[in-house]
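Visitor: I'm new to reading protein models, and I'd like to learn by looking at one. Could you walk me through it, feature by feature?

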Amino acid sequence: KNENGKLIGYNTDYDGFLYLLHKNGIDVCGKKAIVLGNGGAAAPVREVLKNEGASEIVTISRKGENNYENIAQHYDAEVIVNTTPVGMYPHNGESLLDLKYFTKAEAVVDIIYNPLRTRLVLEALELDITAVGGLDMLVGQAVRACEIWTGESIPLEVWDKTAAWLYKKQQNVVLIGMPGSGKSTLAGCFNAIRLPTGGVCYVDMMDTRDENNTYEVRKTVSMVFQNPDNQIVATVVEEDVAFALENLGVPPEEMRRRVDDAMKMAGIYEFRERAPHNLSGGQKQRVAIAGVVAMRPDCLILDEATAMLDPRGREQVMQTIHYLNKNMGITVVSITHYMEEAAKADRVLVMSKGKVVLEGTPKEVFSQTEKVRSLHLDVPQAAELRDELVKAGIDLPEGIIDTGECAQALYELLQ
């Protein structure tokens, strides 16, 4: 209550949205902005835009004066903010706009944080428009609420570290190493299939050694193995995807929706009535992935899930994994012997004799080609080619690990 006895509250949406703009370097001063939606989140968003100096702020709603029927008059908008739930999980793929008509757009913000990247954000990125989802806003709201509750100011670096920690939780991590280095043993500990003989493994603060935690641990971390035939148990694709949900006692209506969503995400919806044994290796592996995704885990572990696949099947599975990680925010931990797969990860861990001996981004790890080879591992072909060319006296920059970078470096050299 204030001094007059009136109840007051705090709207941390304002602080969260302001933090999002500043953290991502989005300047709205002097620019026309459109706000999609007129719900509870729209008001603080408009207030931030006004206080940050936007020249014009237009609210677009389904039934308002400015709506999606006459939105063409606002194709000159420079900043677009979505405050509606359109595109939120499980309705990924939905969007209110076709951004190609917004030729002056400089920034797109979607306050949805699940998935990390909505269709609106992905479309903006494809058009080379600065775009960001709502996770930073969520962090800003939480930290500001903590300040209000405790009465203590929290340094900005803590805000940034919190956001970085959340993004790190949703990385695509790859484990590489020689056979027997401990990769599968470590992955098994994450899922409580194996228990550590020394030390402790925690999953979301749950000790995996405690049998009372096993059920929740395996709901949090799901696993896909090398041979999909070892995980497929039903004679029809959609029945196999539903198998775990039936055992969990999920209500039929919820089960139907989750099975359909998982099959669409994995790209196997068109095969839903087919027999798994009639599918290709890559398709069967995506059936196995759909089965675990339907359980909605926070983390997906793939133990050499592409090892038995041909190049086309491997690419199909990798596309599915990339979608689940970048669009759905599912943490992915992959064990692989294919260095080109590792080169596309966010983070690479190199194991030897049960220990992590190298860790970093793909560039940081694979730039140390001699050290990687000393562990009896290959490096991506682009990195190997770059090293051979440097030995032959051709000056090429360090950190080349994929074919696109290598081709660009050679093109610039020949100019």
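Visitor: Let's start with L324. Where is L324 placed?

Guide: L324 sits in helix α11. Helices (H or I, at least four residues) and strands (E, at least two) are DSSP runs, numbered from the N terminus. Keep in mind that this is a predicted model, where local features need pLDDT of at least 70 and side-chain atom pairs count only at pLDDT 80 or more, while totals for chains, interfaces and linings use all residues. Residues are numbered from 1 along each chain as its sequence is written, and side-chain values use heavy atoms, with hydrogens and water left out.

Visitor: Is L324 buried or exposed?

Guide: Here's the general idea: buried means under 20% relative accessible area, exposed means over 50%, and partly exposed is in between (1.4 Å probe, protein chains only). L324 has 1% relative accessibility, so it counts as buried.

Visitor: And which residues is L324 in contact with?

Guide: Contact means heavy atoms within 4.5 Å. If you leave aside neighbours within four places in sequence, L324 is in contact with M265, I289, V293, L300, G329 and I330. Take I289 from that list: the C-alpha atoms of L324 and I289 are separated by 10.0 Å, and the two residues are 35 apart along the chain.

Visitor: What does I289 touch?

Guide: Not counting residues up to four places away in sequence, I289 touches V224, L300, L302, V317, T320, I321 and L324.

Visitor: How do I read a nonpolar core, and which residues of the largest one touch the most other members?

Guide: A nonpolar core is a set of buried Ala, Val, Leu, Ile, Met, Phe, Trp, Tyr and Cys residues joined through side-chain atoms within 4.5 Å. The largest one here has 36 residues, and V224, V241, I268, I289, L300, L302 and L324 touch the most other members. At least two residues of this core come from each of α8 (237–248), α9 (252–266), α10 (281–293), β10 (299–303) and α11 (311–326). There is also a second, separate core of 20 residues, which includes L20, A41, V48 and V132.

Visitor: I301 is in strand β10. What is I301 in contact with?

Guide: Leaving aside neighbours within four places in sequence, I301 is in contact with A187, F190, V221, S222, M223, V224 and V333. I301 has a relative accessible area of 0%, so it is buried.

Visitor: Now for helix pairs. At what angle do α1 and α4 pack?

Guide: First, the method: axes are lines fitted to C-alpha atoms, for helices over the stretch in contact, and angles run from 0 to 180 degrees between N-to-C directions. Helix α1 (residues 12–23) and helix α4 (residues 135–150) pack at about 130°, with their axes 7 Å apart. That makes α1 oblique to α4; angles under 35 degrees count as roughly parallel, over 145 as roughly antiparallel, 65 to 115 as roughly perpendicular and the rest as oblique.

Visitor: Which residues make that contact?

Guide: From α1 you have T12, D13, D15, G16, F17, Y19, L20 and K23, and from α4 you have D136, M137, V139, G140, Q141, R144, A145 and I148. By class, the contact has seven nonpolar, four polar and five charged residues. Ala, Val, Leu, Ile, Met, Phe, Trp, Tyr, Cys and Pro count as nonpolar, Asp, Glu, Lys and Arg as charged, and the others, Gly among them, as polar.

Visitor: What about α4 and α5? How do they pack?

Guide: α4 and helix α5 (residues 156–169) pack at about 135°, with axes 10 Å apart. α4 and α5 are therefore oblique to each other. On the α4 side, L135, D136, V139, G140, V143, R144 and E147 meet W159, T162, A163, L166 and Y167 in α5.

Visitor: Last topic: the backbone. What should I look for?

Guide: Most residues other than glycine have a negative phi, and most peptide bonds are trans. In this model, a cis peptide bond joins N114 and P115, with omega about 10°. P115 is in the loop between β4 (107–110) and α3 (119–126).

Visitor: And what is phi of K353?

Guide: Phi of K353 is near 55°, a positive value in a residue other than glycine. K353 is in the loop between β12 and β13 (355–360), and K353 is exposed, with a relative accessible area of 79%.
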